[in-house]
Amino acid sequence: YWALVLHMHLPFVRHPEYPVALEEQWLFEAITTCYTQLLNSLWNLERDKIDFRLTVSISPPLISMLTDPALQNRYRQYLDESLALAAREFENHKGQPYQHTIQTIIDRLDTARKVFETYGGNILNGFRDFQNEEKVEVIACAGTHPILPYYAHYPEAVRGHIQLACRQYQRVFGRWPRGMWLPENAFAPGLDHFLAAEGIKWTLVNSTGYGARALLGDD
């Protein structure tokens with residue numbers, strides 16, 4: 001069987017001390033070109049009555065940013081400015097070969113705004129809704145996205161990253177996660193015991209790590 005598993009992660013950025021922060025643009029671009037477009041595609045599949053299943057992992061830093069009211073308001077400003085710029089470029093380049101490209105950008109920005117505002121600025125509500133419909137499985141990701149095998153000699157750190165992720169996930173999605181994405185798919189024998197201790201049923205590993213121990217539990 002083939003499983004579609006998407007991983008969503010960005011380092012935590014939040015700079016209210018600056019009117020415009022370069023690092024926050026990474027987040028805003030990801031929301032515009034990736035996260036909202038994915039939700040729009042799921043809307044279209046549902047509208048067309050096409051059955052689908054996929055898994056999405058969302059890291060704790062990204063969850064924190066997507067649920068932050070200040071960043072949500074700054075994203076609205078980003079959208080307003082981007083749409084205004086795109087509209088000016090469209091008017092200034094009528095009849096040019098690349099005018100269609102500008103229109104494509106405008107359409108993408110309009111879609112991002114529609115999806116973003118449908119969920120009141122918190123697009124995680126969209127993933128939660130699809131999960132409640134059993135169309136999407138949202139899984140957690142360890143803490144601040146650490147390479148967990150590097151912390152093999154610090155079990156309290158490994159346990160803390162896993163517990164933090166699970167508790168944050170529960171607050172946002174209303175239940176405990178069943179699966180967890182290991183950052184960079186980095187696996188080492190023994191990590192499965194930490195995951196199982198927190199109720200995590202499954203994870204993923206690279207082909208090179210499969211022989212170590214890909215499945216949780218005693219089987």
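Helices (H or I, at least four residues) and strands (E, at least two) are DSSP runs, numbered from the N terminus. On that basis the protein has eight helices and four strands, and from the N terminus on its elements run β-α-β-α-α-α-α-β-α-β-α-α. This is a predicted model, in which local features need pLDDT of at least 70 and side-chain atom pairs count only at pLDDT 80 or more, while totals for chains, interfaces and linings use all residues. Residues are numbered from 1 along each chain as its sequence is written, and side-chain values use heavy atoms, with hydrogens and water left out. Along its principal axes the C-alpha trace spans about 65 × 45 × 35 Å.

Axes here are lines fitted to C-alpha atoms, for helices over the stretch in contact, and angles run from 0 to 180 degrees between N-to-C directions.

| Pair | Axes come within | Crossing angle |
|---|---|---|
| α1 (residues 22-47) and α4 (residues 99-118) | 9 Å | roughly 75° |
| α1 and α3 (residues 69-92) | 10 Å | roughly 70° |

The crossing of α1 and α4 at roughly 75° makes α1 roughly perpendicular to α4, a term that covers 65 to 115 degrees. Their contact (heavy atoms within 4.5 Å) includes Thr36, Leu39 and Trp43 of α1 and Leu109, Val115 and Phe116 of α4.

With α3, α1 crosses at roughly 70°, which makes α1 roughly perpendicular to α3 as well. Among the residues in this contact are Leu27, Phe28 and Ile31 of α1, together with Leu71, Tyr75 and Leu79 of α3.

Elsewhere, Tyr154 lies in the loop between β3 (136-141) and α6 (155-173).

How values were computed. Angles under 35 degrees count as roughly parallel, over 145 as roughly antiparallel, 65 to 115 as roughly perpendicular and the rest as oblique.
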